[in-house]
Amino acid sequence: MELILREYDLKLKHTFTISRKSIDVQPTLIVELKSDGISGYGEATANPYYNSTVPMMMADLEKIKPLLEQTLEETPEEFWMKMQQTLRHNSFALCAIDNAYNDWYARKKVVKLYELWNYNIDKNPLTDYTIGIDSIEKMVAKMNELPWPIYKIKLGTSDDIAIVKALRKHTMATFRIDANCGWSVDETIQNAVELKKLGVEFLEQPLPADDWHGHKEVFKHAVLPIIADESCIIETDVLKCHQHFHGVNIKLTKCGGLTPARRMLVQARELGMRTMAGCMTESTVGISAIAQLLPQLDYVDMDGALLLKEDIATGIRLDFGKTIYSELPGTGVALL
């Protein structure tokens, strides 16, 4: 099995700001696994919060080349276990290789990946579209640029309620709020009351990731559901988040790919928690992988490719929140 690595700098349509950073360009790595004339594709973006860079991912993936030479037609679960032994310290690299293998495995069988898993796509949730922190005028302009049924609003400023009130004047779309660890316990509980009146569906990761006492207080007292993001990274975190959050947002790059993400979704549902998957401003390569999980999700944030000036691949398409799958097998990706 041949390993091909491609590095890209994805330019964004607009400066993207959350509570802890702003970016105009998103570095990303595309992994291609090729065997028997079939290619599978995976992606992982760089992310300083998780100490992930493209050069680090590439260096670690070079180390698994001897293992790939020994790879036959193992199941994705078997493949992930073998790769995890070398890449356990680099979940982003593990994600890219795992997603590429899942894609390759389904293409080898000439089925879409969600079909391989026997998932029914009839009731897929709609994806939101993210509006980063900016002036109210620019945030409204971004909504007008792309009318959408659900907006995810990034907050974490000194004027958050006023921002949402101003945005609400321009749309009746559902709002979701992501504070990216930017609030305190009292702020969250108080803000939730006002935000519920403004048509907000849930709050995502309002407190710092390791504030477990605070999460418990918010879980008990906030009038809106609270979804974990930065507090839910790997498989063991799902149980940790139980009774501290109402649901978990699973990111493929954080947990190490589609294979562990599927296990995390099963566990979350068994615990009675709401399920969500999110993106890291990936191209359509990464977004098409997330889309395979839609039948197992209550909510999804997979708008990464919509934020780009230019995409680097074709695959799934989004139409007013709805996912339209490619006709190709696997994740349906083709590089441009």
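Asp178 stands opposite Glu204 in strand β7. The model is predicted, so local features need pLDDT of at least 70 and side-chain atom pairs count only at pLDDT 80 or more, while totals for chains, interfaces and linings use all residues. Residues are numbered from 1 along each chain as its sequence is written, and side-chain values use heavy atoms, with hydrogens and water left out. Helices (H or I, at least four residues) and strands (E, at least two) are DSSP runs numbered from the N terminus.

**Strand pairing** (at least two DSSP bridges between two strands)

- β6 and β7 (residues 200-204) run parallel and are joined by 3 bridges.
- β5 (residues 150-154) also pairs with β6 in the parallel sense, over 5 bridges.
- In that pairing, Tyr151 stands opposite Phe175 of β6.

**Crossovers** (right-handed if, with the strands pointing away from the viewer, the path from the first strand over the helix to the second runs clockwise)

- β5, helix α7 (residues 160-168) and β6 form a right-handed β-α-β unit.
- From β6 the chain passes through helix α8 (residues 185-197) to β7, again as a right-handed β-α-β crossover.

**Burial** (buried is under 20% relative accessible area, exposed over 50%, partly exposed in between; 1.4 Å probe, protein chains only)

- Strand β6 (residues 174-178) is largely enclosed by the rest of the structure, because 4 of its 5 residues are buried.
- Helix α4 is mostly covered, with 17 of its 18 residues buried.

**Helix α4 geometry**

- α4 (residues 91-108) reaches 25 Å from its first C-alpha to its last, close to the expected 26 Å (1.5 Å times one less than the number of residues).
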